[in-house]
Amino acid sequence: RCWLSIRGHPVRRSSAMSRLPDYHRILKPFIAGSEDSVVLPGSKEFLGGGCAGDVFRCRLRHPLGEEAILKTPKACMILGWKNGRNGAQNQRWVRRESRSSPGFFELYNQSFPSRVLTMRPATPSAKARLDLCHPQPDSPRQLWRLDDQGHLVAKLRANICVAVSSQGEPEQGAKLIVEQVRPGEACDPLQAWAWREVAGGAAVLASRFDEYVMDANGDDAEMRELCLLARWVSEPGLVQLRHAILGDPNISGPAIILKRLGKQLGGGTARGHDLANAEYVLRDIAEGHAALRSPAQAAQQMLHVAGFLRRMHLDGYVHNDLHSGNILRSTDSEGAHFCVIDLGLAREAGAFLRDLGPGCGAAWNITRDWRAFALHFISLLDGKARCIWRLVGTGSGHPRVRTEWAVPRFASVVARTADGSLTQKWNVNEATGEITSRSTGKALSLGGEDGRARSGAGAVWLLREGYIEDAATGQRLEMSSVEDGEVCAQRPRGGQGQRWFYDELTGEIVHPASAKVLDVGGASRLPKDVRALLKGQPDGVRPMFQQVLEALFKARVDPNEVCTLLGLLANMAAPMPIPGPRLAPRVAPRQPLAPSWGRSHAPWRGVNLGGWLLLEPGPSAGLFGNFPRNDELKAASEWELMGILRQQQALDALEEHRRTHITKEDFVQIKSLGLNAVRIPFGYWIVLGPLPNTPYHGPAMNFLDQAVDWAEEVGLEVVLDLHGCPGGESAEAPCGRLCRRKSDWNWKEWRLTDSLRTLEAVASRYRHRRCVTGIGVCNQPSREVPLARLCRFYDRAISVVRAAGMPADRVAVLLPAFQREAREVATAFTACSGGRHQNYCFDMHYYHCFNGLPGLSLGQHLQRVKKHADDIRQLPICVGEWSLAMSKRTANSRYLPLKESRALFARAQRKAYDDAS
């Protein structure tokens, strides 16, 4: 075992916890040595107790008077059935002899190795009891001895011993108490103990009853919960940790002080009298004191919870106890978002596989958390309090009866409409014949007598002529039911039902006949009471609401997909005083912009002014052609061209190009064609001037100023696009420099701080210009840039733009999602930013002539356009660049002439992009 020592509290490092940051660092800001150092005297008020300890309301010294919740753990000593030959870890004890008091010893429990068995004396409000506390030198409450009759006696009082609290024959779980030694020649069996050595230098304290031993009920849950609270302290969907009290001799184990929250969502574990007197949100709804939520309002209030669950699941943990009492409003406001509490039962995903058997691994455990989430989300819509233990199950328990809510042990692979979720991504290794899910890491196989496709131990597949064939049986993958999306293996018989296409760019295995893709998440089956909620929903909300429900009720849930869809649904809510996160508002198809978008004008419809303030060989062909390289070939990028111009002392040609390439007449013509916007790409050197050891020429803000003046004069909107960042956001020509060798550029060369400085300068300069309604933070960042790092840059970039004076109600910020799935970037950015930004959109560049796409047929190109249309309808997207370019082989269809093929391709793209914001 590996142990991390924190102020005397060892924490066992599990495989998932080994990925945590340094505990000393993350816990240091919260650690307090005693309760008195952080809690105001006289402010502590007992609220209740449970199996994990006692809960108090209190007020803090800093911030002065802030209300908080104090959780103090208590160890419960019970009589437990001896587990195996050596007993369970919490049944094994280690004794350390006292040097100052011969014959007495301290008792350490192996599950709580930093605490010793302690007798807490009686007080006016409580009886004497046993506990586990931090060791105090020579404390008579922590020194024990076994007398000749078997009494375990504390030094504090010689006539007090440990006994079993039982009437007659004791049972498993009987509590251990401290009481007076009963007189008599023979020791009372309820007070008799024997020290029995076991492996590893430890022992068990055995009673006189069959195989029963002293058991410290519980485990290291308090310390684990504290570490997880500190790890995820920045998550708005988790109750905020205020202090961790370690080392206080009056408290058994680490005490946790948390921010005080509002009402519980439901009654939770309360029963009888406690439930009758409890106040919670669903009770307010039932009694008419609060209104039912619409789907969008419920999504708003639960979005933080979903974001926290996603973070938890991606880090390899599950909550395992997400009942309604563990979901609380963040404040007393009716519209406040909800938060999660109580990580005492949090475990690594898949921890119950050994206990519950095959099929109950990590994906099953994660899905069960989302079923619990779905249960509470639905309860806000219909006001019904559903029993999580009966419908979903928690901890290591299955639901008591088979229900529609329960998570199936096994999930068959199905064909579903493409939505960009990770469960629809696959890796195909044609050399080995293995098809592996990127979501689960498992391989595509055939399971059971029904021949259905499943994810598990892999089969060997042959991919040829549009078929996926099992090498062992010769059967081919086939969609047996288009409506249900069932996929199975059948004997070869040709036809469209057995044809598949692997899209290397997206990682999807596409069924061309139905336009569906293989999904390892399994079928989505809504319970009857959930299906009923779809009826009566407004037409504008129902499709997105249905997508959310189907994502929540997949056989295996994708947390990224749920969070993205839930954010989009939340964005449709009527205005409420809810300080929750929001995805960038988007435009309803062919409808005026929604008020939440913050812009009253129409979506951008315009052109790019490329090759002007950042030179590229295509749009700047004349300048590149006039100054070839020594080998008579054109320069590949502005970097190369500037080297030539400087060598030939021809910078005047560059100045002439900047004066004449785009003029006011171009702006007038653009306006006359009925367009309303221009996108102006520029390099950072136009704003800051070139960095040292770079050949660029600048600054040249006068040209950008002139463009904004012209746009304002003729009535066009302007999207300012930082097209080339300091250091380069990729190794390609569009950012200013083409690196011919991959080794010439690394993503870490992208100077993010200087990029933010450029954006700040531009935003500050044009913050008062009403025609500037968009700003792009970079252009086509390389896929080598880690997505998490890219999203952090986007988060900071929006903050910089807003702080520089470009408000969210007027200027949209464009975030490129180049060569990545829009949904993937949207989900990652929402998780990174906490949903605090408004009026941003994802800048998509839809080219069909790169990355292996020229080899597609015209039909496959049109299929990709249809998929882009689906993304545009669901996400806030601006199509910043697109073209009609295809390979001649594709365009020269044997069925259509070249001109008609291009016209068909153009119409399909125009129709798809009409919904872009």
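Student: Which strands does helix α18 lie across?

Tutor: In this predicted model, helix α18 (residues 752–765) lies across β38 (677–683), β39 (717–724) and β40 (772–776), with contact meaning heavy atoms within 4.5 Å. Helix α18 runs at about 160° to β39. Axes are lines fitted to C-alpha atoms, for helices over the stretch in contact, and angles run from 0 to 180 degrees between N-to-C directions. Helices (H or I, at least four residues) and strands (E, at least two) are DSSP runs, numbered from the N terminus. Local features need pLDDT of at least 70, side-chain atom pairs count only at pLDDT 80 or more, and totals for chains, interfaces and linings use all residues. Residues are numbered from 1 along each chain as its sequence is written, and side-chain values use heavy atoms, leaving out hydrogens and water.

Student: What is the strand order in the open sheet of 7 strands?

Tutor: Two strands pair if DSSP finds at least two bridges between them. Here the order is β37-β38-β39-β40-β41-β42-β43, with parallel pairing. At the edges, β37 (606–608) and β43 (877–882) each pair on one side only. Parallel strands β42 (residues 840–846) and β43 are joined by 5 bridges, and M844 has V879 in β43 as its bridge partner.

Student: How do helices α13 and α14 pack?

Tutor: Two packed helices are described by the angle between their axes and the distance between the axes. For α13 (residues 638–647) and α14 (residues 651–660), the angle is about 130° and the axes are 8 Å apart. The two are therefore oblique to each other: under 35 degrees counts as roughly parallel, over 145 as roughly antiparallel, 65 to 115 as roughly perpendicular and the rest as oblique.
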